[in-house]
Amino acid sequence: MRVNRNRAFYYIREGISSIFAHSLMSFASICIIIAFLVIMGSFIMLALNINALIGELVSENIILAYVHENLSESDARALEPRLRSIPNISNVTFISREEALQSFIGRYSYTDRFDDIDVTVFRHRYAIYVDDVSQIAQTQAALQHIRELARINANHSLAQTLVSFRTVVSWISVIVIAVLLVISLFIIQNTIKLATYERREEIALMKMVGATNAFIRWPFIIEGFILGMTGSILAFLAIRGLYELALSNMMQFEGGFFTLISFSTNISIPLFLLFIGIGFAVGVGGSGIALNRYLKV
Amino acid sequence: MVRMVDVFKEYANGVKALKGVSFELNAGEFAFLVGPSGSGKSTIISLLVGEIAPTDGLVIVNGQDMDNIKMRKMPYLRRTIGTIFQDFRLIEYKSVYENVAFAMRVIGASSKDIRQRVPYVLELVGLEYKAKSRPDELSGGEQQRVAVARALVNNPKLIIADEPTGNLDPARSLEILLLLKKINELGTTVLVVTHEKPLVDQFSQRVIAIDGGRIVSDAMDRYYNYESQ
């Protein structure tokens, strides 16, 4: 046990001291990890915002369900719980025939022409919001089973367009992030290769005096771990700072076309974990793999 | 200690470096291995430290058949061999003390053992007063003595010196060889690979001469004059 503690201490001390002994290489490694994660993080935030924006547009896409004209307003209002119980319906708003009339008239500037319109030409209706627009046809079919509803209007094509647009954006995001990931893993792997190449003689020497592979590898792994973690934490702080800067700048355009989503914990925590995970994989995995070629002697 | 029986080595590029080499080195012996460049000296060293495997024949080092050794056992065999190189191979950013201690640390020696052993070997090579210096503050002869101390620190049974004086002037060269002789007298088997005839001539020792991948002479006190062949 004493020996093991001695060794763990040796590994950690060697790992830390070689970060400083090869300070330029360490600095370069951290910078590359930060640069990569900041680029990837920015892209993720952009993709999340586009997705949220489309989501907002989609949620405004509603189904209009007209109630049979022979139902009284109170009977029509009584339908609401039944509508709410249908799957995929997120919200239901009752619009009386009076409100419908007002809304209709409100669309025109020459209101006097509608003075003699009988309110009974309008039906009571429901504006129905759905959770998942791609399921709108099924929801419409479910609504058609309710006999009290005379007609259901749903805008399939707009819904489909938005959904497919969102799918395209999601795929582009995934592809771009994957490409970024591959490119940067390549760059990072080369950096690590360079760092271990710089120390190949030291490694050869360790082999020569009879160090086991584990003994050679551990300090490198600890070094990689520290560099990876440092890089990913700094990158996370940078992304948070940049995004909050962007948020505060966007606030000045209140009521503009769209607003940025907030950097809430349900975004920041997964992003942080992702960064830490990549930092870990790159630091620990990268140095382990790069070392292998020097250990086969 | 070291036994080579009818060893052949052909490299992947077709070069036949060794063509049936046999010799034996007993425990406590001191021997020179001499020969011109390209004669196969380096191949013999690489075989002895397990960097390469023979194409044919038997290589036994410290009781271990080098052809059948498991990879995970190799480090433990290497701990019984101390190696010294022409270019010293010291770690530039570590002090003399740390360079020597390094060889003990990487095999997992305790700090207590390191504190006891390192000053002892530094004293043996006459460098105890330079313990805190960096390699670049030392002369070539001093650097090679640090390398000798490092080779010695884990108390190996066999020391292999590969052209240890190649980068040194004659006086420093003699010093290093006298140091190796002293170490041999303390009980360690020593094999010195060199092509410096004047140096070899100053010692009355066994000389194994190799040329063209074959042993051409193996006798006491005689440097085979391969140039006249």
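Strand β2 (residues 89-95) of chain A runs antiparallel to β3(A), and 6 bridges join the two. Strands are DSSP runs of E with at least two residues, and helices are runs of H or I with at least four, numbered from the N terminus; two strands pair if DSSP finds at least two bridges between them. Ile89(A) has Val130(A) in β3(A) as its bridge partner. Strand β1 (residues 62-67) of chain A also pairs with β3(A), in the antiparallel sense, over 5 bridges. There, Ile62(A) stands opposite Tyr129(A).

This is a predicted model, in which local features need pLDDT of at least 70 and side-chain atom pairs count only at pLDDT 80 or more, while totals for chains, interfaces and linings use all residues. Residues are numbered from 1 along each chain as its sequence is written, chains are lettered from A and ligands numbered from 1 in the order in which they are written, and side-chain values use heavy atoms, leaving out hydrogens and water.

In chain B, an open sheet of 6 strands has the order β6-β7-β8-β3-β9-β10, with mixed pairing. β6 (81-84) and β10 (214-220) of chain B stand at the edges with a single partner strand each, so one side of each lacks a neighbour in the sheet. Within chain B, strand β3 (residues 30-34) and strand β8 (residues 189-194) run parallel, joined by 5 bridges. Phe32(B) has Val192(B) in β8(B) as its bridge partner.
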